Amino acid sequence: MYLKIILQLIGGLGLFLYGMEHMSTSMQKIAGSKLKKILASLTNNRIFGILVGIIITALVQSSSVSTVMTIGFVNASLLTLKQALGVILGANIGTTITGWLLALNIGKYGLPIVGLASILFMFMKKEKARTNLSAIIGVGLIFFGLQLMSQALSPLKDMPEFIEMFKMFKVDSYFGLLKVAATGAIITALIQSSAATIGITIALATQGLIDYQAAVALVLGENVGTTITALLASLGAKPNAKRAAYAHTLINLIGVIWVTSIFRIYLHFLNLFVDPVNHMGAAIAAAHTIFNISNVIILTPFVSLLDKFLLFVVKDTGEDEVRVTKLASLKMTLPGVIIEQTKIEVNSMVTMIEDVFLKLEESLKEKDKIAKYNDSIIEAEDKLDLYEKEIYDSNFSLLSKSLSNKLIEDTRMNLLACDEYETIGDYQNRIANRLYMLYENSIELDETRAKMTFKLHSLAVELFNDISRAVKTEEKELYPIGMKKYQALKTYYKEVKREHFSRSEDIPARLNTGYLDIINYYKRIADHIYNIIEYVMKI
């Protein structure tokens, strides 16, 4: 008997947690592209920040996901601490929607929902439809898991030993209230899902194993326990991200302190909304919602004060590792957010390459300019190396995740463009090196060679501008145009080479090797741009 109860309880909890993960992941896929835009629209208006927190958490159905993502944005300096505090307050309200879903007494429909959605999933070809059905499968698994847990707990109310054990959940004193709340916090911290512990609480209460007072006390503790995910995510993060994580814990802890101090009055207040005798599940969901809404209303005026307090408690270290991108700070956010930020970083590489092309152009026109620009070109090449490393570190692992085809393709394009741009930077540096060598040795290109080199440079720049724009804007029509320009550059390169060899008898050896290296490097730049064309056009 005991073994059956344990196995059914574990099975139900497993299905419930898997359903939550399934639903949350699918919702993130559906809403992921919108999340960064929503967060990017944030201002210092705390009310707007709270609304954003509610919307994001409602979209992904997980306060842990939205809070951890917010911490990631703070860590990347894309959000200020004050903006993040508003989002965190809103996330606490948004997460209560899950409690209302669990309060619906439709557990018996969980398995049919899973079955029907799974059958449709097998026959659907469109990715968007499959993602939507995946979310529905998750909802079905949540209800089915909750029903299994409820059925497993049902026999316990007739067992004297378990009735005695559940007496520890009696809220008969202030110490008893704190003990029950602490139990809820510990269980939630261990399984890292407030939804699961809310589900267990509803199952225990509806089976009569705990009373309404104990259920409300457990819910209070669950609000503190759920903050463990954000605290873990902040480990190794910047001070500002740690402040945001601590704020999440502090906000919920303050709420528990003031509610427990007026617990009897609070219970009477809750009874005005839902009758726990006839609607136990809904009453517990209401307790969860009202706690968080009340806490947000009370704490919103003190956001600035909380901001100052956290700045005082968590000091800046002044030892932040120098990085050229914001990607490492965003690892704890959604894949879609990382991919969008990667596009921004790849475009930063383009800007650097364009700047170097301009410096090379000036150096070809006026040979002494290379002395002025050589160090900055070397510095740009070193920086491009760092861009490539940070982009690969943050993006390569995304290819093994369950992402939409569009996100996978975007990741591959980001990685390809990043790799090719970094190599182009290498060849730009080599061209600068050869120009500097000629300058140091007072060797000048004759008029014909100078004109040909400049034209080759112009063709390479024109090709790069078209293809980098195509990568950025996804204008597919630019790739065939780029193909023609690449062929034209290749043809002209051969002409330049023929012209050089036809007049190479009486020139210094350094001019011969330096000039050949320069034109070869421009050809290699064009080849690496062509690699992007080849990938997109599937040549």
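Mentor: First, a term for how open a residue is: buried means under 20% relative accessible area, exposed means over 50%, and partly exposed lies in between, using a 1.4 Å probe and protein chains only. This is a predicted model, in which local features need pLDDT of at least 70 and side-chain atom pairs count only at pLDDT 80 or more, while totals for chains, interfaces and linings use all residues. Residues are numbered from 1 along each chain as its sequence is written, and side-chain values use heavy atoms, with hydrogens and water left out.

The part to look at comes from an unreviewed UniProt entry, which lists "domain: PhoU" at residues 347-434 and 456-536. UniProt positions are given in the numbering used here, feature names are shortened, and annotations may be inferred rather than shown by experiment. Residues 347-434 are 86% helix and 0% strand, with 27 Å between the end C-alpha atoms. For residues 456-536 the figures are 88% helix, 0% strand and 24 Å. Helices (H or I, at least four residues) and strands (E, at least two) are DSSP runs, numbered from the N terminus.

Now the aromatic rings. Rings of Phe, Tyr and Trp (its six-membered ring) pair if their centres lie within 6.5 Å; planes under 30 degrees apart are stacked, over 60 edge-to-face, and the rest tilted. The whole structure has seven aromatic pairs. One of them joins Tyr421 and Phe464, which is edge-to-face because the planes are at 65°, with the centres 5.6 Å apart. Tyr421 is in helix α19 and Phe464 in helix α20 (residues 447-473), 43 residues apart, and the pair links these distant parts of the chain. Tyr421 and Phe464 are both buried. A stacked pair is formed by Tyr486 and Tyr530, with 4.5 Å from centre to centre and 15° between the planes. Tyr486 belongs to helix α21 (residues 478-502) and Tyr530 to helix α22 (residues 509-537), so this pair ties together parts 44 residues apart in sequence. Both Tyr486 and Tyr530 are buried. Ring pairs also join Phe357, Tyr421 and Phe464 in a cluster.

Next, the charges. Side chains of opposite charge can pair when their charged atoms come close. A salt bridge is a side-chain nitrogen of Lys or Arg within 4 Å of a carboxyl oxygen of Asp or Glu. Asp527 and Lys523 form one, with the closest N and O atoms 3.0 Å apart. Both lie in helix α22, four residues apart, about one turn of the helix, and both are buried. The charged end of Lys523 also sits over the ring of Tyr493, 5.9 Å from its centre; this label needs NZ of Lys or CZ of Arg within 6 Å of the ring centre and within 35 degrees of the ring normal.

Glu361 and Lys365 form another salt bridge, with 3.6 Å between the closest N and O atoms. These two residues are in helix α17 (residues 335-365), again four apart, about one turn. Glu361 is partly exposed because its relative accessible area is 23%. Lys365, at 56%, is exposed.

Last, Asn414 is in helix α19 (residues 405-440) and counts as buried because its relative accessibility is 6%. Leaving out residues up to four places away in sequence, Asn414 touches Ile339, Thr342, Lys343, Val346 and Asn395, where contact means heavy atoms within 4.5 Å.
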